[in-house]
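Colleague: Here is the model I mentioned. Please take a close look at one part of it with me, the aromatic residues.

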Amino acid sequence: GEEGCEGVEEMEEETEAASDNEAMITTRSGAASSLIENLNNPTENYKTPVPSSARLRQTAMVVPAADKLVRLYKLLRELDGKGAKKMIVFFATCASAQFHCMMLNTILNGDLQCLQLHGKMKHRQRVATFDYYCNAADGVLFCTDVVARGLDIPAVEWIIQYDPPTDPSEYLHRVGRTARGGGTGDSLLFLLPQEVGFLDFLRKHGITIDQKKLARIDCEKYRVKMHQLILQDHILEKNARAGYKATIMSYQQHNLKEHFNVKQLPLGDIGQAFCLADTAPQVHLTKTDGERAPYVEGILKSMKRRHAKNAKWEKGGKAKKQWEDGKFVGRRQKNYLT
């Protein structure tokens, strides 16, 4: 693993264009301990205050699917170099959050402490992680929407939405984790090229987001090094496969299918973003209501055919009356073993 990390580090001379936004946060000490229990109930609808546009700088970045992990890595490096302390990265699934936390923790090589917080963790683990991150001076929290509602984490400077939110309300809850208590903050939304229409959708709901241009990076070099890490670490590869499958299945359930259509996803490129190259696992997607109708009808026809065949087989195998010389001598069971 160390050789792979060194390979990634050797290419650090390629730097992205500097961001114009410098985040300034008024740090508030302590965390609301009464909100810790909300980690056990992420679906409850909490009223979250949304920072004003003057205090919250919102941007979006259109990234090819295969380059997402590399772009996230470079972004975290860039923000850390500019002095950003606390950052939260949102994912659609627990498996994806866990993989990216493990992967970035490996390639960042301890330069940034990486923590994960999601619904698959045990309650005591979530409480301990939440309490630690609230009191930490810096670090990156890889999480799901379990953190988006009702939790007050002090001094968060950056919100990065690696996977798109389910709707405008969820978007606001996510970005509401920064620019709290009168401070300022930044948010960045990752989008695939086919998802750009989501920006217009948000604009119709009063959310205006500036689009950030991508700096030139040779992403292929980084992908090769990251894939080498996966090949050297069986546990990391297992988590990459789980994250890939969970992400595809979650994408199919997205509410806004006009902007997030699983049939338009470049699955091969998504696999590369999970460092799986040509070894991405097959994902069996559940059928939609329209697709299920003929499927269910076919299943019922098949069941009827099997039942009819079994009934015919049973009828043919029933005991038949045996007669000899015009006299009934009893019944004889058919021998199926001969």
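Which residue lies over the face of Tyr133, and at what distance from the ring centre? Please go on from there to the rings around Phe91.

Modeller: Happy to! This is a predicted model, where local features need pLDDT of at least 70 and side-chain atom pairs 80 or more, while totals for chains, interfaces and linings use all residues. Residues are numbered from 1 along each chain as its sequence is written, and side-chain values use heavy atoms, without hydrogens or water.

Your residue is Lys86, 4.7 Å from the ring centre of Tyr133 (Lys NZ or Arg CZ within 6 Å of the centre and within 35 degrees of the ring normal). Lys86 belongs to strand S2, residues 86-90 (strands are DSSP E runs of at least two residues; helices are H or I runs of at least four; both are numbered from the N terminus). S2 runs parallel to S4, residues 139-143, with 5 bridges joining them (pairing takes at least two DSSP bridges). Phe90 faces Cys143 of S4.

Now the rings: the structure holds 9 aromatic pairs (Phe, Tyr or six-membered Trp ring centres within 6.5 Å; planes under 30 degrees apart are stacked, over 60 edge-to-face, the rest tilted). Phe91 and Phe142 are stacked, at 6.0 Å and 20°. Phe91 sits in the loop between S2 and H3 and Phe142 in S4, so this pair ties together parts 51 residues apart in sequence. Phe142 is buried, with 0% relative accessible area (buried is under 20%, exposed over 50%, partly exposed in between; 1.4 Å probe, protein chains only). Phe91 also has 0%. With Tyr162, Phe91 makes a tilted pair, at 5.1 Å and 45°. Tyr162 lies in the loop between S5 and H5, so this link spans 71 residues of sequence. Tyr162 is buried too, and Lys68 lies over its face at 4.2 Å from the ring centre. Phe190 joins Phe91, Phe142 and Tyr162 in one cluster of ring pairs.
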